[in-house]
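Subject: Structure for your review

Dear colleague,

Please find below the structure that I am handing over to you.

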Amino acid sequence: MSKVIEAINVCKTFGEQRVSKNIDLAVSQGSIYGLLGPNGAGKTTLIRMLSTITQPDSGEILFKGEPLKESHAQLMGYMPEERGLYKKMTVADQLLFFAELRGLSIKDAKASVKHWLQRLDMMEWARKKVEEISKGMAQKVQFVSCVLHNPQLLILDEPFSGFDPVNADLIKDLIIELKNQGTSIIFSTHRMDNVESLCDHLAIIHQGEKVLDGGVSDIRRKYAKGIYEVGYYQSVEWDAGMSAAGESTLISEQQHSDGKVVYRFQTSESFTPEQLLKLAMGKGNLVHFSEHVPSIHEIFVDTVSKTAEPIAGATIAAEPS
Amino acid sequence: MKNIFVIFKREYLTRVKNKTFIIMTFLAPLLMVGFYAATIYIATETGDDDRTKTVYVSDNNPELLLSHNPPANYVLLPAPSDSDSALAHVERGLVHGWLSVEDRDLRVVDSATYYTSETPSITEKESLKEWIRNKATQRQFARLGLREGQIDSLQSSCSLETKEVTGQGDVKESSSGLKSGIGFALAFMIYIFIFVYGSMVMRSAMEEKTNRIVEVIVSSVKPFDLMMGKILGVAAVGLTQFVAWIVLAVGLVFGISALFLNSGNGMTTQQAVQTGIEARTGMRGMDAGSGTAVSMGGEMSAQGSDMTSGARDMAAEFTEPLSNLPYFQILAVFLLFFVGGYLLYSSFFAAIGSAVNQESDVQQFMMPVTLPLVFGFVIAQTVALKAPHGAMAKLFSMIPLTSPIVMVVRAPFGVPFSELALSFGLLVLTFVLMVWLSSRIYRIGILSYGKKPTWKDLWKWLR
């Protein structure tokens, strides 16, 4: 699949602090790329470089194979984490302004604004000032302002922060719809809830470095460590069976709210899942058997906790290019 | 370029469509006229102390002070011979004060003392001194055998007319007062405009930063374009306001003229000339206050019927000098220096707005920016009006931070083209440099949140 944007060995330093260290990444056409990392990891700095707001100190960024330049910004949509609207402007005027800034002609801008307002059932709010509409409504306006010009690359920095669940779902659906239409999306977050359901590919940034990168399912598979779960509607005695089976270890026992008791085993090369299944079936009325694949959340916590202290300080600063 | 225009359009339209702007455009001239009228009224009508004061007087020249003509609001009584009781009466408030003159020789009165329980104002002190001096002078004349009527007839009067000799050998009527008035009014407008609209640019930059709109914008617009679009958009708002005032003032004056015309008297030649001059130059609009008053005075006096002779004299006095003013130069200088000065200062204001996180952080940066402006205004009021062709006036009309104000004051007095060109050239160069420097602060400032910025930060951003 062709690459929409590529970062090659990108570095950025603010004063003494190196906030991006030799970062490589590539976003394929029509995919959703998750950029994960704790607060202060350097995600926003990286995103600002990708969206032409600042330039890297060294390394290269390519947009569709060409070195990134300012005119490429017109082909991108960017929703920053810290975002706002002009309170005294009407919804329609505001959207028209952003559409024109993104290079649309007045005619196209008007058509696009109308399309999106209709799409989100907001036509009756078009003439209202932003200060007169609800926060949820303003969030939708915010999202629309980034996609009015049909960007080829949409960069969303913490897109769900501050969104209520209803609007978050709505935006999630829109993101998937845009992806299906061929838009590539970079999706930065430090919250994992939506990553698994949305992203095709992810990278974890920590202390300015990329510490993990790959397809979401590949990464999860890679982190699967031969842990299996078996479940019953009653407690089961294991000691005797376990010693007979030899090299399998019971690592946890969980009582679920539905009455199910789930036991987690670490298997090994000499003790296959098939052997565990046979053993488990002999223990009683087996209702659950599955491999435990770690969630992105677990992988993230695991990866980040292996490295040193998080970068201190929450001041976001831009540096002269 | 296109983005500068998009930003310009937004800045302009949101402001011009704003109800406050529309109301203020109509209200501001009225408020200004009201403000001046109130100031003049207060200064002339209520400034004086109008209490009637009873004052003891004692002097060594009989009937020098205890005359038939005491100063206004004073009742004079002979002081008791005992100075202690005189002082005690003053202290207890039985009399307002005690005025004592012990000189026998009235050529130099240097022993006059005024005892009061409250410190007299400067005005009161001066008027008493002047009154004593007059009395002493009259006494001196009387000693020479002159009566009061004779003294008055000896006083000569004099008036001085000023005429300008132009290069073509023509001699024209000139009016320093008129030129000073016009120059000062124009300088005052530039001063106010830079402050009002400069702050508007600053608040606009701050709004975008604090509302976090700016990051979305700079992802598609260069910070320099954003800043320029903003500065030019706000300038256009100001110019719109000016044009509205000019139209308003001209409309008002023509409306009033029409009213008078309908009352019977045809337009006189003088009025035709007067109206012609004003229509040609737009002088009325430039100062909705004094300009209109002057021109209205001229027109109304031309009606001749129930106008006072004073108004007619005033019109006559100003008509010729008005037609002799270098209008084109004044207007050109005003517009060029006005635009140049505004652009220079508003780029500073934009940089400040981008650097700070909240209104309260503004003060520390405002002072050094507004100081040269205030200084320029002080120079304009003092040096430039007294000696428009003096070395100081020339110097400050060259320095770009003060030239927008000082040069405009000098303009009506006629400034050589070479000086104008040099000063304007310097202004443009400085403006270009400052816009460039400010844009460097701006592009980093707008994305820097967190701690309160310091001068050191700004310097770091500049480099």
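What share of the contacts in chain B with a separation of 6 or more comes from residues 24 or more positions apart? The share is 71%. Please keep in mind that this is a predicted model.

Chain B has 463 residues, and 34% of them are buried. Its secondary structure comprises 18 helices and six strands.

Four strands of chain B form an open sheet in the order β2-β1-β3-β4, and the pairing is mixed. At the edges are β2 (74–78) and β4 (113–116) of chain B, each of which pairs on one side only. From one strand to the next, the twist averages 25°. Within this part of chain B, strand β1 (residues 53–59) pairs with β2(B) in the parallel sense, over five bridges.

Chain A is divided into two parts: domain 1 (3–83 + 151–221 + 299–306) and domain 2 (225–292). The C-alpha centres of these domains of chain A lie 39 Å apart.

Where the chains meet, 26 residues of chain A are in contact with 22 residues of chain B. On the chain A side, helix α2 (residues 91–101) gives the most, with three residues. The residues of that side of chain A divide into 13 nonpolar, six polar and seven charged.

Yours sincerely,
A colleague

Conventions. Residues numbered from 1 in each chain as written. Chains lettered and ligands numbered in written order. Predicted model: local features only at pLDDT ≥ 70, side-chain atom pairs only at ≥ 80, totals over all residues. Domains from an automatic or database assignment. Helix = DSSP H or I, 4+ residues; strand = E, 2+ residues; numbered from the N terminus. Buried ≥ 20, exposed ≤ 12 C-beta atoms within 10 Å, placed from the backbone. Contact = placed C-beta atoms within 7 Å. Nonpolar A, V, L, I, M, F, W, Y, C, P; charged D, E, K, R; others polar. Pairing = 2+ DSSP bridges. Axes fitted to C-alpha atoms, helices over the stretch in contact; angles between N-to-C directions.
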